[in-house]
Amino acid sequence: MESSTAAEIKSHPNCVALDNNYFLSAEQKQFYVENGYLVIKRMFDFDELYNFKQHFIRIAKGLVDKGNSTVVREPSLVKKGLKGEQACDSIQDIQYDDVFMTYTEHPKLLNVVSQFIGDNIRVMNSMFINKPPGCSHHPPHQDLFYFPFRPAEKIIASWTAVDEVTKDNGCLFIIPRSHKFNQLYAHGQLPDANKLYHGILDKSVFDSSKYVQLEMTPGDTVFFHPLIVHGSGPNITKFYRKSITVHYASGYCQYVDVGGTVQEVAAKDIENEAQRRGFDLSFVDTWRLRSKQVMGAKANL
């Protein structure tokens, strides 16, 4: 029998973005408020996606300069001697890349995002995700765990399928309405997950029977709340599962002290990673330096 949550995704508002001035209906906004996510079909066309994909491949193969971006490789695949696209998990901090910024600053995306968080918008985090064959899963987590700024309601992620995304190649799974508890759970580095891919430690928080598997066609885009519990499965196919994603925050958000909270783990790990790369930065400073204003005038972030 089909689960209630699996049935619900089939009844979400039929959103198709046809131009850069895509205005959400009251029904679509309410679906996001209640469920913590919203899928818009065919936001990006083939030419745009092909451009992103080819640029990723050139960077992964070392054919073009990665600039300020960071190339992340899948450790298990590197150990097998794989290189280039075959071993590349993702390219992070792509908001300053001349090609990828046409996604992070795309008028269509900013138009939709502004209807959720206002028209003062800052890119806080972005990446092109490759997920090659044999790539591991990303355990259930909440993105707010990594963010020392608030309020959560003024933060939103977009995630666009570049390739066909299925359960077999590791599509996103999401627990609808899990953001409604307004709680940030304790996370940690789990033994079967990649470095900095933290997961929720209390397994009673999530139940796989409640997962909605977000299988998507190229160009489909999901927007989701930073407190929503989500993750992705392993890629057990022989093909890649490429996607591109960005987190936006209102410029009016403010940085908060995460000392004494469950986020101390994230703060320590990110500060240690910065030091490994030769930078002596605080948790907050890492976000100040990597973020980028893309709409409106910067206020607090």
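Residues 24 or more positions apart account for 84% of the contacts in the chain with a separation of 6 or more, where a contact means heavy atoms within 4.5 Å. The structure is a predicted model, in which local features need a pLDDT of at least 70 and side-chain atom pairs count only at pLDDT 80 or more, whereas totals for chains, interfaces and linings use all residues. Residues are numbered from 1 along each chain as its sequence is written, and side-chain values use heavy atoms, with hydrogens and water left out.

The secondary structure of the chain comprises 8 helices and 16 strands, these being DSSP runs numbered from the N terminus, with helices (H or I) of at least four residues and strands (E) of at least two. The radius of gyration is 18 Å, close to the 19 Å that the globule rule gives for 301 residues, so the chain is as compact as a globular protein of that length; the radius is taken over C-alpha atoms, and the rule is 2.2 Å times the number of residues to the power 0.38. Along the principal axes, the C-alpha atoms fill a box of roughly 45 × 45 × 40 Å.

Of the 301 residues in the chain, 55% are buried, the term buried denoting under 20% relative accessible area, exposed over 50%, and partly exposed the range in between (1.4 Å probe, protein chains only). The accessible surface of the chain comes to about 13600 Å², of which 53% belongs to carbon and sulfur atoms; accessible areas come from the Shrake-Rupley method with a 1.4 Å probe, and for residues only the protein chains shown count as cover. The chain carries 33 positive and 34 negative charges, whose mean positions are 4 Å apart. In this count Lys and Arg are positive and Asp and Glu negative, with His and the chain ends not counted, and each charge is placed at NZ of Lys, CZ of Arg, CG of Asp or CD of Glu.

In soluble globular proteins, nonpolar side chains tend to be buried together. The largest nonpolar core of the chain has 54 residues, and those with the most contacts inside it are Y37, W159, L214, V222, F224 and Y248. Apart from that core lies another, of 21 residues, among them L144, F145, F149 and V284. A nonpolar core is here a set of buried Ala, Val, Leu, Ile, Met, Phe, Trp, Tyr and Cys residues joined through side-chain atoms within 4.5 Å.

Helix α6 (residues 107-117) has 8 of its 11 residues buried, so it is largely enclosed by the rest of the structure. The buried residues in α6 are K108, L109, L110, N111, V112, V113, F116 and I117. Within this helix, N111 has a relative accessibility of 14% and therefore counts as buried. Leaving aside residues up to four places away in sequence, N111 touches N20, N21, Y22 and F23; the C-alpha atoms of N111 and N20, which are 91 residues apart along the chain, are separated by 7.0 Å. Just after α6, G118 takes a positive phi of about 95°.

Most residues other than glycine have a negative phi, and most peptide bonds are trans. In the loop between β3 (88-92) and α5 (101-104), D93 has a positive phi of about 60° although it is not a glycine, and at 14% relative accessibility D93 counts as buried. A positive phi, near 50°, is also found for K131, which is placed in the loop between β4 (121-129) and β5 (138-141) and counts as buried at 4% relative accessibility. A cis peptide bond, with omega of about 5°, joins R150 and P151, and P151 lies in the loop between β6 (149-150) and β7 (155-161).

D97, in the loop between β3 and α5, is buried with a relative accessible area of 10%, and D97 touches H55, I59 and S69, not counting residues up to four places away in sequence. E164, in the loop between β7 and β8 (172-174), is partly exposed with a relative accessible area of 42%. Neighbours within four places in sequence aside, E164 is in contact with N169, M216, T217, P218 and R241, while E164 and H247, 83 residues apart in sequence, are 22 Å apart in space from C-alpha to C-alpha.
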